[in-house]
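Dear colleague,

I am handing over a structure that I would like you to look through before we talk about it. Please open it below, and then read my notes beside it.

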Amino acid sequence: MFFALGVLLGAVVVAAGFALADWFIFNRAEAEIHLIPDGFVGPVVIAFDQNDGEPKKYGNKTRIYGIPPNGVLKTRFPKNDGTNHVWKFYYMKADGTKSELPYFFDFREVPAGNKDTIAIYSLGSMSAPSNRGASDRSFFTYVVGKVSDSKSLIDRQHDINFSDL
């Protein structure tokens, strides 16, 4: 009886270990670098799985997204599913120099006195039907701008018709 319970408990522990390893190790999202044109302010949209999109680009096992001046990037990358996302956002100057931008999931995380600093916020993944008859498509979107301007910039983000992209 004790042997059977021990074997059962051992099997449960091993199964839980495999499940946790799958979740935390094998199902990790790829790291991403977002290169945003210097001075850009407004919503950014990345449209995944686009046949006419930019080719996949990697650097040190990290996805590299070059955001165009209009803020809409169509890419051949599939959406970046998984856990533990690692994002880096940079303003990219014409000469190739870059400066890192902070990002915030919650405006309460913004340090006092930094409401006029350019940052990344309102990050979100979504899917939308295509107006071209294809199946639903996946997008990643965020806003670049001053936190003090967040209301108007997020309103612009909400006005995007993802079905037309």
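Residues are numbered from 1 along each chain as its sequence is written, and side-chain values use heavy atoms, with hydrogens and water left out.

The mean pLDDT (the predictor's confidence in each residue, from 0 to 100) is 84, and 81% of the residues reach 70 or more. Over residues 14-25 pLDDT stays under 50, and the model has six contacts (heavy atoms within 4.5 Å) beyond four places in sequence for them. Where pLDDT is low, the predicted coordinates should not be read in detail.

Helices (H or I, at least four residues) and strands (E, at least two) are DSSP runs, numbered from the N terminus, and two strands pair if DSSP finds at least two bridges between them. Between β8 and β9 (residues 137-146) the pairing is antiparallel, over nine bridges, and isoleucine 120 has valine 144 in β9 as its bridge partner.

Elsewhere, β6 (residues 87-92) pairs with β7 (residues 98-101) in the antiparallel sense over four bridges, with methionine 92 opposite lysine 98. These two strands form a hairpin with five residues between them, where glycine 96 in the turn has a positive phi of about 95 degrees.

Best regards

Terms used:
This is a predicted model: local features need pLDDT of at least 70, side-chain atom pairs count only at pLDDT 80 or more; totals for chains, interfaces and linings use all residues.
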